[in-house]
Amino acid sequence: MSVSDIPSKSPARFVRLDHLRSSSSSLQSRNYGSQSSKTSSSSTSRGSGYYSYNSSQEEVTPVKKPKSNSYKGPLEEGTLELRPPFEQVKVLEQGIMVQKELESQATQLIEHCQYGLEQVEAEKLLLVAGLKKNLWKYHLAEVKDEKHIFSNAELPKGYLEIKGISLLLRQDYLVNKVVETKKNQAFFVAVKVSPYRLLTTNIATSECNIHGTNLNITDTIVIDNLPPDYKITLEVYCMSYNMMNNATPARKTSKVANTPKKLLQNALQKMGSQKNKTGQPFASSMESYSRSGSTTPRGGSTSSRGGAKVNQDNKFVLAGSLNLAIKDAKKEQFRLRRAPFHSPFEGTINLSMTAKEAISSQPPSHKGFLTIFQDESGLGAWNRRWCSVQDNKIYYWLYPEDEVNQNKQPHGEIDLRNCKTETVSIASRLDCARPNTFVLVIMQAAQPGDRASIITESNGKTTQTKYLLSADSREERKQWMEVLNKCLQSVISWNH
């Protein structure tokens, strides 16, 4: 969709905005990848997301929907760091141009959508385009100045799932929501993944998504290609909007004397307009807050992170934010920060997070013979075993053919998830004089029957076992240590 596709000041208007989203995807694929020939045509055609309204015929005519495009570029997939710096600069500059074009289109579209959910969607598109543009401008400056180095490029990637978002509402907001029936509030959550990714939920409304005293957002946010040292900012945005067009034609008024019934109704309406702490009905205070201090026309800007500019006249306002890291994965309740005085939220947000390492297409694995130092009747003995690394565990059998025999259970296993040390080290001469030997220290909860031995120490609560493993050659020892260190890196990074 181009700017020329949006009519200016005409009787026709648009009712839905699905096509602008498909246009955004088309613009991104045209700029990020080699799919321009497949997607550029869909960006200039109108789809069934639009309905053209003809004021002379008084009917709504649907238009054919273009083919959807699900292409995602490196900025959406989180794979920008895999490219050389000059390509990163090119991708970021093209992405910024795309968001500027989307801002222009959304701004013109808002002129034709002055009420209802259509206005809300247009305002959201404008805000999201501005947020992405600002993130990418800031990161572009860091890449050009060589200030941002992706130290986590080699770390094991994982994914984060956020669902069950529920925000506790203030009591005065719930009271005023009943009184103000002509206005509704719309909400959505934006998730900023450092340093350049942004994901959003669908629109939630006060009419459909408030249950009891909570606003529930049912969307599930899944973030892929995530390093274990991720930094995430969750932001909640809110705006007030009219459910219907206020520009109704003027009606002829007749002079009718005020009856006692009408006087009573007027008095009850004034008494029913209960005030919040600011002395204004809640929806009005939110609306005035979103425009406070804004003297620039739509498209104006003010300073933000890293000197970037943000649209100051957008009707969505920040109602609270939250910082998340891997250490918070097991928590379910948080406190919002940066909540303005007019925020409808009490400050408590509940959500469920699941952070796990991604299942790699080529997980660390290795097979071969190792000689393991074991305790036998209180004495130490070296036993040669066939070993295999699978699922962050070392399984060992007496013979290689025992591994493929389903009737043969492993003779033993070493769980690397309980490893006390962060890396596999070469055994010192004090521990073992045998060449090509490395050591693993495993600590786990004490089990009934655990006792101290040559390789085991137990204090009743925990049991620590020191495994000495010897390879047949120096080269094999290096291979084993490299594979085991990769497993430990993965376990330590995502074992929160």
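This report walks through a predicted model of one protein chain, from its overall make-up to single residues.

## Overall make-up

The protein chain has ten helices and 23 strands. It holds 496 residues, and 45% of them count as buried. Take the contacts with a separation of 6 or more: residues 24 or more positions apart account for 67% of them.

Helix α5 has 29 residues. Its first and last C-alpha atoms lie 43 Å apart, close to the 42 Å expected at 1.5 Å a residue. The helix is mostly covered, with 22 of its 29 residues buried. Just after α5 comes E146, which takes a positive phi of about 55°.

Helix α10 covers residues 474-494. Does its span agree or disagree with its length? At 1.5 Å a residue, its 21 residues should span 30 Å, and the end C-alpha atoms are 31 Å apart, so the two agree. Several residues of α10 are buried, among them W480, L484, C487, L488, V491 and W494. An α-helix has 3.6 residues a turn, so residues three or four places apart point the same way.

## Strands and a hairpin

Strand β13 runs over residues 317-324 and is mostly covered. Seven of its eight residues are buried. Strand β10, residues 232-242, pairs with β13 in the antiparallel sense over seven bridges. In this pairing, C238 stands opposite V317 of β13.

Strand β3 (residues 158-169) pairs with strand β8 (residues 214-217). The sense is antiparallel, and there are four bridges. I165 has I217 in β8 as its bridge partner.

Strand β8 also pairs with β7, residues 210-211. These two run antiparallel and are joined by two bridges. H211 stands opposite N214 in β8. Together β7 and β8 form a hairpin, with two residues between them. In the turn, G212 has a positive phi of about 70°.

## A closer look at L322

L322 sits in strand β13. Is it buried or exposed? Its relative accessibility is 6%, and buried means under 20%, so L322 counts as buried.

What does L322 touch, leaving aside its neighbours within four places in sequence? Its contacts are I232, T233, L234, F334, R335, L336, I349 and L351. One of these, R335, is 13 residues away in sequence. In space, the C-alpha atoms of L322 and R335 are 7.3 Å apart.

## Salt bridges

The count of salt bridges comes to 17. One of them joins K157 and E81, with the closest N and O atoms 3.2 Å apart. This pair links distant parts of the chain, 76 residues apart. K157 is in the loop between α5 and β3, while E81 is in the loop between α3 and α4. E81 has a relative accessible area of 13%, so it is buried.

A further salt bridge brings together the side chains of K133 and E103, at 2.9 Å from N to O. K133 belongs to helix α5 and E103 to helix α4, 30 residues apart. K133 and E103 are both buried. R170 and D172 also form a salt bridge, and their closest N and O atoms are 2.7 Å apart. Both of these residues, R170 and D172, are buried. Elsewhere, salt bridges that share partners join K192, E235 and R338 into one network.

## R197: a buried charge

R197 lies in strand β5, residues 197-200. It is buried yet has no salt bridge. Which side chain of opposite charge is nearest to R197, and how far away is it? D224 is the nearest, at 6.1 Å. A salt bridge needs the charged atoms within 4 Å.

R197 does meet D224 in another way. The side chain of R197 reaches the backbone oxygen of D224 at 2.7 Å. Leaving aside its neighbours within four places in sequence, R197 is in contact with residues including L75, E76, E77, G78, L135 and V191. K192, I223, D224 and N225 are also among its contacts.

Technical notes: Residues numbered from 1 in each chain as written. Predicted model: local features only at pLDDT ≥ 70, side-chain atom pairs only at ≥ 80, totals over all residues. Heavy atoms only, no water. Buried < 20%, exposed > 50% of the residue type's maximum accessible area, 1.4 Å probe, protein only. Lys, Arg positive; Asp, Glu negative; His and termini not counted. Polar contact = N/O pair within 3.5 Å; in protein donor to acceptor, adjacent residues only side chain to side chain. Contact = heavy atoms within 4.5 Å. Pairing = 2+ DSSP bridges. Expected span 1.5 Å × (residues − 1).
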